Amino acid sequence: DSVRATLIARIKQLMLQQNAVLVAHYYTSADIQDLAEETGGCVSDSLEMARFGHAHAARTLIVAGVKFMGETAKILNPEKRVLMPDLQANCSLDLACPADEFSAFCDQHPERVVVVYANTSAAVKARADWVVTSGTAVKIVEHLHKQGKKILWAPDKYLGDYVQKTTGADMLLWQGACVVHEAFKAEALQKMKLAHPDAAVLVHPESPAAVIALADVVGSTTQLIHAAQTLPNQTFIVATDNGIFHKMQAVASGKIFLEAPTAGTGATCISCAHCPWMAMNGLQKLAQVLESGDNEIHITEPVRSRAVRSIQRMLDFAA
Ligand code: CIZ
Ligand code: SF4
C-alpha cells in the first residue's frame, strides 16, 4: 500500500544520504530481505554478512539480524558506524553463554582449544581461540582434531554433538540450545516424510540429533538454499527458521517448501520455526534508527581486538 511505499522510499533516501548499506539475515522478514536486495545490500548467513559488510565501502552498516551479527560487524569494522533496527534482538545461544561463566569454564580446561559458534557475544569471542559458523564448524574442528587438539565447544549442544559425531574429535560441550531449532520433532517429521515420500528433508544442525538423523541434507542456511536449488526433488521439508522460505522460493520457483513439524502449534508455540528475535527487525524501526542515529553498536577494547583474532582465524581458514 501507499503508506508502506512511502516508508520504503524514505528509508532509501536516508540510506543514500548517510552512505548506508543494509546487511540482512535469511531469517528476517520478506520486507527487509527485499529492501536489502533492491538497495545493493545482501541477504545471507552470518558468515557472508560479516564478509559483505567488511568488503563494502559504505560508511554505515545497518545489520538486520540479531545482536551478535551487529557486534561481529563492528568488531571487523571499527571505523564504520554499525546500526541495528532493534538492540533487544538477541539469541538464545548468546543468552545461554554469559562471558564470566564461560571464561571460568575455559579456565578449568586450559588444555583444550576454545571453539565458539558465531552466535555468541563479543566477550565470549574474545575468550575463544576460534570462531566458527555452521558452514565452517566441521572443517575447522576436523583441522584441529588432525593436529591432536582437544576441544572446548560452546554454546550449541546440538551443533556440538553433530560436529563431534562427524569429526570424531574430543569435544567438551557447553549446554546451550536454539529455541527455534530445538523445537523440531523427529517423530512427527518421520510421519511427514511418509506422507511426502518424494520430498527431500533439509535440516540445520542446530536441531536435535534425532531430527538430523532424518535429513537428506544437513547444513548451514546457505548450504540448505543451495540444496533446494540444485536437488531434483520438487518438494522439500525444511527444519530451520521459516524466514528462509523467501529465498528458497526465489532461487527454486515452482518447488514446494514445507515447514518441518515442531513441538507446539498456534498459540502454544512461542518460537516454532520462527525466531522471535529475528522478527524484531522491521521497516518502521529501520526508518527510525536512520532518522535518529540510535541503536549504534559499540565494542570496547580490549574485547574488540581479542575477538577480531578468533573471527579472522575463521575467515582466513574459510577463504
Ligand atoms: O540460526 C542462526 O542464527 C544462524 C543459522 C546463523 C547463521 O550462521 O547464519
Ligand atoms: Fe539464535 Fe536460534 Fe534465533 Fe538463530 S534462530 S538467532 S540461533 S535463537
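**Helix packing and ligand shells in a predicted model**

Leu7, Ile8, Arg10, Ile11, Leu14 and Met15 of helix α1 are in contact with Leu283, Gln284, Leu286, Ala287, Leu290 and Glu291 of helix α14 (C-beta atoms, placed from the backbone, within 7 Å). By class, this contact has nine nonpolar, one polar and two charged residues. The model is predicted: local features need pLDDT of at least 70, side-chain atom pairs count only at pLDDT 80 or more, and totals for chains, interfaces and linings use all residues. Residues are numbered from 1 along each chain as its sequence is written, with chains lettered from A and ligands numbered from 1 in the order in which they are written.

**Helices α1 and α14**
- The axes of α1 (residues 2-17) and α14 (residues 283-292) come within 10 Å and cross at roughly 35 degrees.
- Their crossing is left-handed (the near helix is turned anticlockwise from the far one by less than a right angle).

**Helix α9**
- Lys157, Tyr158, Leu159, Gly160, Tyr162, Val163 and Thr167 of α9 (residues 157-167) are buried (20 or more other C-beta atoms within 10 Å of the residue's own).
- The cover over these buried residues includes β5 (113-117), α8 (137-146), β7 (151-154), β8 (171-173) and α11 (209-212).

**Ligand shells**
- Around ligand 1 are Asp45, Ser46, Ala118, Asn119, Thr133, Ser134, Cys178, Glu206 and Thr221 (C-beta atom within 6 Å of the ligand).
- The ligand 1 shell has two nonpolar, five polar and two charged residues.
- Ligand 2 is surrounded by 14 residues, the closest being Cys91, Ser92, Cys178, Val180 and Cys275.
- The ligand 2 shell has 10 nonpolar, two polar and two charged residues.

Definitions and conventions: Buried ≥ 20, exposed ≤ 12 C-beta atoms within 10 Å, placed from the backbone. Helix = DSSP H or I, 4+ residues; strand = E, 2+ residues; numbered from the N terminus. Contact = placed C-beta atoms within 7 Å. Nonpolar A, V, L, I, M, F, W, Y, C, P; charged D, E, K, R; others polar. Axes fitted to C-alpha atoms, helices over the stretch in contact; angles between N-to-C directions.
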